Amino acid sequence: MSKPFLSIERLTQTYPDGQGGSTTVFENASFGIEKGEFVCILGHSGCGKSTIMNILAGLAEPTSGVVKMDGLEVSGPSLDRGVVFQNYSLLPWLSALKNVTFGVKARHPDWSREKVEAHARDFLAKVGLEGDVVHRKPSQLSGGMRQRVSIARAFANHPKLLLLDEPFGALDALTRGTIQEELLKIWSGTEQTVFMITHDIDEAILLADRILLMTNGPFARVAESVEITIPRPRKRTEIVEHPNYYAIRNHLVQFLGHRSKELAGKQSDDADQRPETVRLEKTGQAEDEPSAPPPLRAVND
Ligand SMILES: Nc1ncnc2c1ncn2[C@@H]1O[C@H](COP(=O)(O)OP(=O)(O)OP(=O)(O)O)[C@@H](O)[C@H]1O
Ligand SMILES: [Mg+2]
């Protein structure tokens with residue numbers, strides 16, 4: 001079997017517990033993500049989602065285990081990995097526009113100043129930030145605006161891997177819907193791979209090819225990988241009509257409501273902790289028909 005684009009191998013994270021001992025957040029977590037896949041991860045607060053994402057970004061080192069991207073070990077930040085942090089993390093001394101042009105310049109040192117600025121403005125406009133507002137510093141923007149600058153900054157660099165930590169958490173429902181659509185447009189037109197943390201089940205079903213489910217910590221596990229068997233392109237108002245929608249939704253709600261706790265806190269043996277694949281299919285395929293997977297990738301037309 002060929003190695004996936006992103007390979008997470010036996011990742012373990014422990015932290016000092018402040019009382020002379022240590023807490024294991026997760027242990028021997030192993031999973032893969034294919035090139036071009038859109039993967040969401042769901043789990044209760046504190047189970048270790050941001051910790052995993054920071055390790056994937058190369059911003060934190062795990063206690064043990066490795067992450068490989070394109071076969072190479074991740075050992076520090078790179079322009080190939082764009083991150084939208086849970087707390088936005090903009091450079092406070094730069095305007096919204098400069099926060100975006102900063103990375104674009106680094107990515108494209110041969111571009112003229114005008115080209116860099118036009119590109120940055122284009123991505124800011126995609127998230128609804130246009131006109132004078134782009135010259136404001138982060139402290140002069142609302143939380144939702146800061147989050148949008150952070151999204152524009154990550155998308156504008158066309159990284160191979162987009163790492164998004166609750167990127168829409170501070171947005172009102174309307175803006176959220178618009179930016180989710182922008183994200184799908186950007187993603188479906190490229191070979192980008194997305195790893196996104198969210199607390200919103202419906203958002204995850206709308207966006208993802210696959211949802212990873214984490215149990216509660218300590219000793220959290222990525223217990224399941226749920227395939228979203230709803231073809232693309234998907235529309236928020238239409239996916240609820242799909243026969244698989246409620247089966248998937250109920251499965252996720254059940255997991256987060258009960259099984260994430262039941263499976264929690266169990267110290268593993270030394271084995272790789274790989275998620276179990278779950279595929280829910282209610283579309284009434286004939287028994288003897290080969291179960292070809294439905295077209296899950298968006299097409300760019
Ligand atoms: N630097 C640190 N030192 C000690 N413990 C830490 C550190 N960073 C995170 N933790 C602990 O690790 C656990 C996982 O934290 P993490 O931020 O990854 O959770 P999360 O799943 O992203 O939660 P949320 O959904 O609330 O953002 C938590 O119990 C947290 O207290
Ligand atoms: Mg987090």
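Which residue stands opposite Met69 in β5?

Mentor: Happy to! Please keep in mind that this is a predicted model. The residue opposite Met69 is Leu72 in β5. This pair belongs with strand β4, residues 64-69, which is joined to β5 by two bridges, the two strands running antiparallel.

β4 and β5 are part of an open sheet of four strands, ordered β2-β1-β4-β5 and paired antiparallel. β2 (22-33) and β5 (72-73) each have a single partner strand, so they stand at the edges and one side of each is left without a neighbour in the sheet.

At the β11 end, strand β10 (residues 222-227) runs parallel to β11 and is joined to it by four bridges. Within that pairing, Ser225 has Thr277 of β11 as its bridge partner.

Now for the division of the chain. Domain 1 covers 1-77 + 179-281 + 289-301, while domain 2 covers 81-158. Taken over C-alpha atoms, the centres of domain 1 and domain 2 are separated by 27 Å. Where they meet, eight residues of domain 1 are in contact with nine residues of domain 2. On the domain 1 side, the elements giving two or more residues are α1 (49-57) and α5 (173-188). The largest share of that side, three residues, comes from α5. By class, the side of domain 1 that touches domain 2 has four nonpolar, three polar and one charged residues.

Helix α3 (residues 113-126) packs with helix α4 (residues 143-156) at an angle of about 130 degrees, their axes 9 Å apart. That angle makes α3 oblique to α4. Their crossing is right-handed. From α3, the contact uses His119, Ala120, Phe123, Leu124 and Lys126, and from α4 it uses Ala152, Phe155 and Ala156. Six nonpolar, one polar and one charged residues make up the contact of α3 with α4.

Helix α2 (residues 96-107) also meets α4: the two axes come within 8 Å and cross at roughly 20 degrees. α2 and α4 are therefore roughly parallel to each other. The crossing in which α2 passes α4 is right-handed. Here α2 contributes Ala96, Asn99, Val100, Gly103 and Val104, with Val149, Ala152, Arg153 and Ala156 coming from α4. By class, the contact of α2 with α4 has six nonpolar, two polar and one charged residues. If you have the viewer open, look at Ala152 and Ala156 of α4, which take part in the contact with α3 and also in the contact with α2.

Note on methods. Residues are numbered from 1 along each chain as its sequence is written. Chains are lettered from A and ligands numbered from 1 in the order in which they are written. This is a predicted model: local features need pLDDT of at least 70, side-chain atom pairs count only at pLDDT 80 or more; totals for chains, interfaces and linings use all residues. Axes are lines fitted to C-alpha atoms, for helices over the stretch in contact, and angles run from 0 to 180 degrees between N-to-C directions. Angles under 35 degrees count as roughly parallel, over 145 as roughly antiparallel, 65 to 115 as roughly perpendicular and the rest as oblique. A crossing is left-handed if the near helix is turned anticlockwise from the far one by less than a right angle, and right-handed if clockwise. Two residues are in contact if their C-beta atoms, placed from the backbone, lie within 7 Å. Ala, Val, Leu, Ile, Met, Phe, Trp, Tyr, Cys and Pro count as nonpolar, Asp, Glu, Lys and Arg as charged, and the others, Gly among them, as polar. Domain bounds come from an automatic or database domain assignment. Two strands pair if DSSP finds at least two bridges between them.
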